[in-house]
Amino acid sequence: MSSQAAIFSLKSLAFERDDRLLFSGISVALEPGDILQVEGPNGCGKTTLLRIISTALNPTSGTLFWRGKDISQHRQDYLQNLLFLGHLPGLKQSLSPEENLQWWRRLNANNSLLSNEEVLASMGLRGYEDVPCFTLSAGQQRRAALARLLITEAPLWVLDEPFTAIDKQGVAQLEVLLKDHVKKGGVVILSTHQDLGIDGIRRLSLPLLAEVS
Amino acid sequence: MGGGFSAILQRDLLLAFRHRGEIANPVIFFFIVVTLIPLGLTPEASRLAEIAPGILWVMALLASLLSVEGLFQSDYRDGTLEQLLITPQPLYLMVLAKVLAHWLITGLPLTLLAPVLGMMLSLPTAGYLPLVLSLLMGTAVLSLIGAIGAGLTVALRKGGLLLSLIVMPLYMPVLIFGASTVQRAVDGFPVDGPLAVMGALLAFSLLISPFATAGALRVSMHG
Amino acid sequence: MWQWFHRLGSPRWFYNTSGKWLPWLSVLAAILLSLGVVWGLGFAPQDAKQGNSFRIIYIHVPASFLALAGYYVMAISGAVGLIWKMKLADMVMKSAAPIGAVLTFVALVTGAIWGKPTWGTYWVWDARITSMLVLFFLYLGVIALQYSYTSQDAASKASAVLSLVGMVNIPIIYKSVDWWYTLHQPATIRLTEAPSMHPDMFHPLLVMILGFYCFYAVALILNTRVEILYRERRTRWVQDMVLETPVSEIREGQN
């Protein structure tokens, strides 16, 4: 019955590479408004799990469901609802933050009505809209990448170490963003070593190795 | 659906424009190696004219090969490639857009420069139009085939030499028909036959290569 | 469940089954090859134009056949591995590559040796030899790619994609090399056209080709078995099997 309300769920997910089992038996059901924090030591498969959720990687076994539908059957439909930010910011260094954002808008459906200028201003990048990204600091680049959170209406956010390189104020700002998103019925899955100041956060600790027959 | 295609095409052209120095490199390479031929061989016009069709085609092939290595490299390094794989757009079209941008940046300038180099190598008059026509189609085939190799080697640290190794055997039919087109024209034979084969090769690679490249990119990202 | 069966069941099943077949196949290959060699080198009549030097076709032609067929074996098993995620197919693909490359090399070397008395030079840009050379490069590319990846799974997929692309291209390459050759050279001696061959010459060749096929199968099975043992070395069945083998036998095997 809980799977009825679940908007996104993983069923007995396992991943194996070169005959080494990274994790197995991961089953999670998320409802609108959930934040799932994936945690564990380095090399335990956090990034791998998030990349599987983003469909950049195929699981060895197991199924992902979005609104009750198997993602491998309805990939395009699922991807319209997904925003994935990986380790690497995905910014073109010789383009400005504004041009990068504009490019993302053209590539994805589901864009918000906020203008690029508003978005960059609220990410603390006012005055940097038109300079090439390679002149920005690492923290500013991360902010420019995170600005994508504001231009999308996608309900599912998958963020790999989103707090890397940003300052305290930025962390607080991002936490507010996450809270606002789940308040609107969104879902967030993120990996981080940081303790988040958000109540009711759900946790998934890797490594998770179920019994293998 | 086509949004991804034009977005990628425009962005790659814009990026190329921002790095104008880099995109001139294949063309300069083409220029310089062709200059080496008379120095290493002979300045005698009649002998140069004899080998000009083959030399021009081989050098254009090498110039295209050198530039194709970077096709997906920067996208791979900054994380854009990963994003492209999970964008709700057909990967086939996105790959095609990248290859088209690559051709516009390298193949087309090489084709346009070729008559000038042909003149320097005393290419007989009858060869110019066939040279341009065959390179116009041929460099597109080279970009398409090269993209497969670039996709397969993008995640490898020293992919450049390996890329040449796996791509060059696949280049051979294009070279054969391209150089023959020019040679036949110079010898006074009709060239519509080899040109038609060239067109068929182009159509075939357009059909096959983006699929293979998309598969190659998926493999590279999983690795 | 079905997938588990495929991924883990198959290599073991193949290892056991091929173990039973291997002795018979090896004996068959040995008989056919010795029969073909004695027949072809000792009893087949001399060629009217080339004398005894033509006899190298008894190695050159079967090697060329298998070199090409081996590429298809490699590419098709790569495709099976790619589509059905069957690990055994990946192993067969990896094992087929070096065998095919060696056969191509043998075909090239025998072709060159043959060229000396026939054309007076070791290397001629003949259509057949040029195509063989391109095939050799295609093999080298697949092998090089296979060894460039650190992850075995990625290496298998990448070389499967490359060998499939190569397979699609082989007919085009062969046709274009043929066309190129007729364009540049008037037909000299067309050497290995079967119809013009006398049956007394052709029959031993047929035996040699069959022998090479059997030999190829033996080599492929042996190579695949080694690959299976290596990749499955952490599984229980391989470890059990190794433990069950008496130590004396292992020592003998090493000598």
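Helix α2 of chain A, residues 46-53, is largely enclosed by the rest of the structure, because 7 of its 8 residues are buried. Buried here means under 20% relative accessible area, exposed means over 50%, and partly exposed lies in between (1.4 Å probe, protein chains only). Helices (H or I, at least four residues) and strands (E, at least two) are DSSP runs, numbered from the N terminus. This is a predicted model: local features need pLDDT of at least 70, side-chain atom pairs count only at pLDDT 80 or more, and totals for chains, interfaces and linings use all residues. Residues are numbered from 1 along each chain as its sequence is written, chains are lettered from A and ligands numbered from 1 in the order in which they are written, and side-chain values use heavy atoms, with hydrogens and water left out.

**Helix α2 of chain A**

- The buried residues of α2(A) are Lys46(A), Thr48(A), Leu49(A), Leu50(A), Arg51(A), Ile52(A) and Ile53(A).
- Just after α2(A), Thr55(A) takes a positive phi of about 70°.
- Arg51(A), one of the buried residues of the helix, also reaches across to chain B: it forms a salt bridge with Glu82(B), with the closest N and O atoms 2.7 Å apart.
- A salt bridge is a side-chain nitrogen of Lys or Arg within 4 Å of a carboxyl oxygen of Asp or Glu.

**Interface of chain A and chain B**

- Chain A brings 29 residues to the contact and chain B brings 30; contact means heavy atoms within 4.5 Å.
- The size of an interface is often given as the accessible area lost when the parts come together.
- Between chain A and chain B the buried area is about 2500 Å², and carbon and sulfur atoms give 52% of it.
- Buried area is the accessible area (1.4 Å probe) that two parts lose on being put together, summed over both.
- On the chain A side, Lys92(A), Trp103(A) and Arg106(A) lose the most area to chain B, together 27% of what that side buries.
- The count of salt bridges between these chains is 4.
- Chains A and B also have 16 residue pairs in polar contact, with both residues at pLDDT 80 or more.
- A polar contact is a pair of N or O atoms within 3.5 Å; within protein, one must be able to donate a hydrogen and the other to accept it, and residues adjacent in sequence count only if both atoms are side-chain atoms.
- Elements giving two or more residues to the chain A side are α3 (75-79), β6 (82-85) and α4 (97-107).
- Helix α4(A) supplies the largest share, 5 residues.
- By class, the chain A side has 13 nonpolar, 9 polar and 7 charged residues.
- Ala, Val, Leu, Ile, Met, Phe, Trp, Tyr, Cys and Pro count as nonpolar, Asp, Glu, Lys and Arg as charged, and the others, Gly among them, as polar.

**Interface of chain C and chain B**

- Here 25 residues of chain C are in contact with 24 residues of chain B.
- The buried area is about 2200 Å², with 86% from carbon and sulfur atoms.
- On the chain C side, the elements giving two or more residues are α4 (127-148) and α5 (152-184).
- Helix α5(C) gives the largest share of that side, 16 residues.
- By class, the chain C side has 19 nonpolar, 5 polar and 1 charged residues.

**Chain C as a whole**

- Chain C has 8 helices and 0 strands.
- Of its 255 residues, 48% are buried.
- Among contacts between residues at least 6 apart in sequence, 79% join residues at least 24 apart.
- The accessible surface comes to about 13300 Å², of which 68% belongs to carbon and sulfur atoms.
- Accessible areas come from the Shrake-Rupley method with a 1.4 Å probe; for residues, only the protein chains shown count as cover.

**Individual residues**

- Lys85(C) lies in the loop between α2 (57-84) and α3 (87-119) of chain C.
- Lys85(C) has a positive phi of about 50° although it is not a glycine, and is partly exposed at 47% relative accessible area.
- Ala165(A), also not a glycine, has a positive phi of about 70°.
- Ala165(A) sits in the loop between β7 (156-160) and α8 (168-183) of chain A.
- Ser164(B) is found in helix α8 of chain B, residues 159-187.
- Ser164(B) counts as buried, at 18% relative accessibility.
- Leaving aside neighbours within four places in sequence, Ser164(B) is in contact with Leu65(B) and Pro169(B).
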